[in-house]
Amino acid sequence: MASPWDELTLAFSRISMFPFFDIAHYLVSVMALKRQPGAVAVAWKNPVSSWFTAMLHCFGGGILSCILLAEPPLKFLADHTNILLASSIWYIIFFCPHDLVSQGYSFLPVQLLAAGMKEVTRTWKIVGGVTHANSYYKNGWIVMIAIGWARGAGGSVITNFEQLVKGGWKPQADEWLKMSYPAKVTLLGSVIFTFQHTEHLAISRHHLVFFYTVFLVVTKIVMMITETATVSSAPFEDAVSRILFGWQQQISPHEKKNEIKSPFRSTDSSTSKSIAGNSDKVKKKDTKKTE
């Protein structure tokens, strides 16, 4: 007989994302789009462009995973129910009378609830991406990690491409050059679920889903309450870099010391040569005077 803990985690892993969790994901994604400078003006002047950008924010991870697996990038359009749901969210956010939806979303409890539910969908996307990649490449763990990461956090990469097309792309905001905290934690989750799927991690999937989701939700809520843009993972990254690449940090100071010493040596030799040359000139002058 299963324990209450197993029943709880198993029931949690079987929760359907449609419609409430998907609504929260679309709401947070489109609200992030609306906060961008000039997004409201674009929606009024060119609604089709605004709608397409909103769909990239909502389904960007699925689009990127399709591109990586050589599937049709517009495959997400085949899910008419989710497209209509996301389009409805986009419409009421940008065109609701008196901006009632944005005003209601401005309350912190509403934002915490929507953000927490969105993080739940992130876990389901990672698991779905890992499983989907395994159906193409059996136990191809690198592909599974890549697709899990793309499905969970690839929307930022797709939206960067959209900004590049519009001419508003900035290198500082590129996920490939400087990964954000959601991209890092999604990559970590993709690695963990890949190891679990390939049976290199001795833990049940429903237990791992529960623990990872709780970690995401708690971290996101703490970040929003404390008004911090990210959770610093610098200590962990420094520890890993010292373990893997510490020998470079040990060699570089000695090279710098040698580089610092060499100019002084060259200057010392040049000064000694100049002093020797001056002494020779003085000797010649003295001999001329004596003559």
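Predicted model: local features only at pLDDT ≥ 70, side-chain atom pairs only at ≥ 80, totals over all residues.
Me: What makes up the protein in terms of helices and strands?

Reply: The protein contains 12 helices and 0 strands. Read along the sequence, its pattern is α-α-α-α-α-α-α-α-α-α-α-α. Of its 291 residues, 35% are buried. Among contacts between residues at least 6 apart in sequence, 73% join residues at least 24 apart.

Me: Which residues have the most contacts inside the largest nonpolar core, and what makes such a set a core?

Reply: Val30, Phe59 and Phe94 have the most contacts inside this core, which has 31 residues. The set is called a nonpolar core because its members are buried residues of the nonpolar kinds listed for a core, joined through side-chain atoms within 4.5 Å. Two or more residues each come from helix 2 (20–34), helix 3 (39–45), helix 4 (47–68), helix 5 (80–95), helix 8 (141–153) and helix 9 (155–166). Another core, of 17 residues, lies apart from it, and Val130, Ala133, Leu208 and Val209 are among its members.

Me: With which residues is Val30 in contact, leaving aside its neighbours within four places in sequence?

Reply: Val30 is then in contact with Ala54, Cys58, Ile89, Trp90, Ile93 and Phe94.

Me: Which residues of helix 8 and helix 10 make the contact?

Reply: Helix 8 contributes Trp141, Met144, Ile145, Gly148, Trp149, Gly152 and Ala153, while helix 10 contributes Pro182, Ala183, Thr186, Leu187, Ser190, Val191, Thr194 and His197. By class, this contact has 9 nonpolar, 6 polar and no charged residues.

Me: How do you know whether helix 10 and helix 11 (205–226) are roughly parallel or roughly antiparallel?

Reply: The axes of helix 10 and helix 11 cross at roughly 170° and come within 11 Å. An angle over 145 degrees counts as roughly antiparallel, and that makes helix 10 roughly antiparallel to helix 11. The residues in contact include Tyr181, Val185 and Phe193 of helix 10, and Arg205, Leu208 and Tyr212 of helix 11. The residues of this contact divide into 10 nonpolar, 5 polar and 1 charged.

Me: What makes Asn139 partly exposed?

Reply: Asn139 has a relative accessible area of 45%. Buried requires a value under 20% and exposed a value over 50%, with partly exposed in between; Asn139 is therefore partly exposed. Asn139 is in the loop between helix 7 (108–136) and helix 8. Although not a glycine, Asn139 has a positive phi of about 60°.

Me: Why does Glu199 count as exposed?

Reply: The relative accessibility of Glu199 is 72%. The cut-off for exposed is over 50%, so Glu199 counts as exposed. Glu199 is found in the loop between helix 10 and helix 11. Glu199 also has a positive phi, of about 65°, although it is not a glycine.

Me: Which kind of peptide bond leads from Phe18 to Pro19, cis or trans?

Reply: The bond from Phe18 to Pro19 is cis, with omega near 5°. Pro19 has its place in the loop between helix 1 (4–13) and helix 2.

Terms used
Residues numbered from 1 in each chain as written. Heavy atoms only, no water. Buried < 20%, exposed > 50% of the residue type's maximum accessible area, 1.4 Å probe, protein only. Helix = DSSP H or I, 4+ residues; strand = E, 2+ residues; numbered from the N terminus. Contact = heavy atoms within 4.5 Å. Nonpolar A, V, L, I, M, F, W, Y, C, P; charged D, E, K, R; others polar. Axes fitted to C-alpha atoms, helices over the stretch in contact; angles between N-to-C directions. Parallel < 35°, antiparallel > 145°, perpendicular 65-115°, else oblique.
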